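This report covers a ligand site, a disulfide and several individual residues. The sequence and structure come first.

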Amino acid sequence: MIRKRLVFTGILLAIAIIFFKPTRNSQPGYLSPFGNLDRTKLDFSADIDKQSAIRAAFKHAWDAYRRDAWGFDDYHPLKRGGTNLVSSGGIGYTIVDALDTLHIMGLDTEFTQARDWVATELTFDRDGKFNAFEVTIRVLGGLLSAYHLSKDEIFLQKAVDLAERLLPIFSTQSGIPLSFINLKERQALADSDNQGFSSTAEAATLQLEFKYLSYLTEDYVYWNAAEKVMDVIRNGALTSGLVPIFIRPSDGQFITSDIRFGSRGDSYYEYLLKQYLQTNQAEQQYREMYDHAMTTMHHDLVRRTPKSNMLFIAELSPKFKREEQKFDWKLVPKQDHLVCFLGGSLLLGVTEGQGPFPPEWDTLSNTEKRDWITGEELIKTCVETYNTATGLGPEIAHFKMPGDPDADSVDWYIKGLDRENPSLTSFDARYILRPETVESLFLAWRLTGNQTYRDQGWKIFQAIEKYTKVEGGGYTSILNVNDTNTQREDKMETFFLSETLKYLYLLFSDSALLSLDKYVFNTEAHPLPRFDPPTRRFNH
Ligand SMILES: *[C@@H]1O[C@H](CO)[C@@H](O)[C@H](O)[C@H]1NC(C)=O
Ligand SMILES: *[C@@H]1O[C@H](CO)[C@@H](O)[C@H](O)[C@H]1NC(C)=O
């Protein structure tokens with residue numbers, strides 16, 4: 001009886017949908033966030049004073065690195081020294097990652113010095129174990145964007161040399177790359193700490209770089225290797241469109257593991273959209289994969305706090321249920337700082353980098369409106385996590401769920417902090433100069449012209465200046481964002497130069513600089529030009 005009624009209702013519903021299929025804009029629920037915006041007052045020009053303050057911060061970091069650690073992969077400003085990723089020598093981690101920022105900021109003398117170092121000192125003939133993803137996004141991406149901006153052939157030569165050394169990672173049975181590479185031996189190595197599994201985000205965040213290199217060289221061996229990965233993932237993906245963070249290189253199967261937009265998951269979704277944008281919206285399959293993932297994300301991961309209705313992106317963790325002998329997904333209300341890329345990315349997905357900015361609300365589909373609102377709200381949440389004693393955001397934020405203790409008085413908190421003992425630190429409480437929130441503010445500014453985003457970015461920059469700057473030169477991580485007397489960790493991450501300061505600089509530049517309809521930024525903020533996909537590609 002009940003079943004019959006259900007079927008009947010189903011038929012009625014189907015009929016209703018056929019006959020009353022809503023037109024694009026008639027569904028209620030997504031009110032325009034632009035209010036009574038006066039488009040004639042929008043001003044996308046540069047804020048020169050703020051730009052020069054950010055350029056000065058870059059100089060403060062760069063000059064110290066040059067003085068203390070020139071040529072080393074990593075810089076330690078307190079010790080005033082450098083270290084390399086492997087003992088056999090450096091691969092230009094800091095210098096190459098910063099090349100395009102030097103170019104964009106017009107630091108010509110510094111760019112020439114860095115260029116000469118690349119020409120005379122840089123070698124990838126290094127015996128040691130390198131993370132292939134990190135080397136691709138920072139070094140290969142850095143060389144490619146330096147080549148694009150300067151047209152100096154040396155960068156392309158080095159990029160080809162590096163990519164050739166990386167290629168063995170793809171020589172697995174499935175085509176899913178191994179995690180590590182010995183650049184000298186050209187030997188790929190599995191991630192033994194994680195049972196030989198590869199990170200999904202790492203496998204699926206090589207494509208912009210390898211495809212652009214093929215476009216430049218007309219050698220499609222790089223393109224094909226990188227694109228094969230996407231085919232394997234598409235075939236093995238869960239029906240939900242979301243992906244677990246580990247995948248097995250031998251057979252391309254996903255491993256039952258966490259699902260998240262934070263570490264090991266994040267840039268898979270970022271590159272779905274950006275691969276579609278890179279080839280001027282020609283590869284529709286990536287748009288479809290992205291849209292599918294965003295819809296499931298809204299159902300399964302987008303949650304709100306009881307107190308202020310603060311939106312956040314939760315994680316799913318598999319829990320084995322012994323009684324039923326199967327896995328169940330448990331919602332974990334935790335958000336990595338890394339997730340904060342997604343706010344801006346959602347806005348980018350709606351506009352595809354094409355004006356008018358902001359978009360005309362009535363021309364958007366309901367899915368686009370949904371993504372836009374979530375993007376704006378997620379940025380708001382990410383900015384709110386910077387509402388700490390230092391004005392900087394933690395590595396990981398936890399959110400209150402209905403029924404949690406204090407859920408009516410607290411929206412979010414940092415795990416491991418002790419109110420009685422504020423000098424105590426925790427992994428979660430660190431700020432390691434990460435870019436994702438200012439990255440989203442940059443995108444949001446470019447795509448709306450809303451001054452609020454510039455103001456918020458400026459406030460973050462000032463907190464960076466106040467709490468992470470080293471008097472004698474450079475910047476470091478801090479161990480507790482909620483303590484104004486926080487301890488420091490003696491490291492200046494290379495992404496501070498390549499991403500955080502670049503996005504801040506671009507937040508205050510004229511919108512015509514690296515315009516979003518002509519560029520995609522790789523996940524390390526290296527701008528790569530968008531291009532029409534080559535019509536003929538040859539396999540090797
Ligand atoms: C600008 O952005 C802020 C923060 O999201 C929002 O509160 C405000 O309404 C926006 N203004 C306009 C004109 O869209
Ligand atoms: C930061 O410290 C203040 C003062 O102890 C406390 O009220 C607040 O909850 C802390 N913030 C976070 C995010 O832990």
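## Ligand shell, disulfide and selected residues

In this predicted model, the shell around ligand 1 consists of four nonpolar residues, two polar ones and no charged ones. The surrounding residues are Pro-33, Phe-34, Leu-37, Asn-450, Thr-452 and Tyr-453. Asn-450 also makes a polar contact with the ligand: an N or O atom of the Asn-450 side chain is 2.3 Å from an oxygen atom of ligand 1. On its own, ligand 1 would expose 360 Å², and the protein buries 56% of that area.

The disulfide count for the model is one. The bond is formed by Cys-340 and Cys-382, with an S to S distance of 2.1 Å. Which hand does the disulfide of Cys-340 and Cys-382 have? The torsion about the S-S bond is about -95 degrees, so this disulfide is left-handed. The two cysteines are 42 residues apart and link distant parts of the chain. Cys-340 belongs to the loop between strand S12 (334-336) and helix H12 (341-351), whereas Cys-382 is part of helix H13 (residues 366-384). Both Cys-340 and Cys-382 are buried.

The side chain of Thr-388 makes a polar contact with the backbone oxygen of Val-481, at 3.2 Å.

In the model, Thr-523 sits in the loop between strand S17 (519-521) and strand S18 (527-529).

Tyr-65 is placed in helix H2 (residues 48-69). Between Tyr-65 and Arg-80 the C-alpha to C-alpha distance is 8.1 Å, with a sequence separation of 15 residues.

Are Thr-523, Thr-388 and Tyr-65 buried or exposed? The table gives the relative accessible area for each of these residues.

| Residue | Relative accessible area | Class |
|---|---|---|
| Thr-523 | 16% | buried |
| Thr-388 | 14% | buried |
| Tyr-65 | 0% | buried |

The cut-off for a buried residue is under 20% relative accessible area. Thr-523, at 16%, therefore counts as buried. Thr-388, at 14%, is likewise buried, and so is Tyr-65, at 0%.

Definitions and conventions:
Residues are numbered from 1 along each chain as its sequence is written. Chains are lettered from A and ligands numbered from 1 in the order in which they are written. This is a predicted model: local features need pLDDT of at least 70, side-chain atom pairs count only at pLDDT 80 or more; totals for chains, interfaces and linings use all residues. Side-chain values use heavy atoms; hydrogens and water are left out. A residue is near a molecule or strand if one of its heavy atoms lies within 4 Å of it. A polar contact is a pair of N or O atoms within 3.5 Å; within protein, one must be able to donate a hydrogen and the other to accept it, and residues adjacent in sequence count only if both atoms are side-chain atoms. Accessible areas come from the Shrake-Rupley method with a 1.4 Å probe; for residues, only the protein chains shown count as cover. Ala, Val, Leu, Ile, Met, Phe, Trp, Tyr, Cys and Pro count as nonpolar, Asp, Glu, Lys and Arg as charged, and the others, Gly among them, as polar. A disulfide is a pair of cysteine sulfur atoms within 2.5 Å. Helices (H or I, at least four residues) and strands (E, at least two) are DSSP runs, numbered from the N terminus. Buried means under 20% relative accessible area, exposed over 50%, partly exposed in between (1.4 Å probe, protein chains only).
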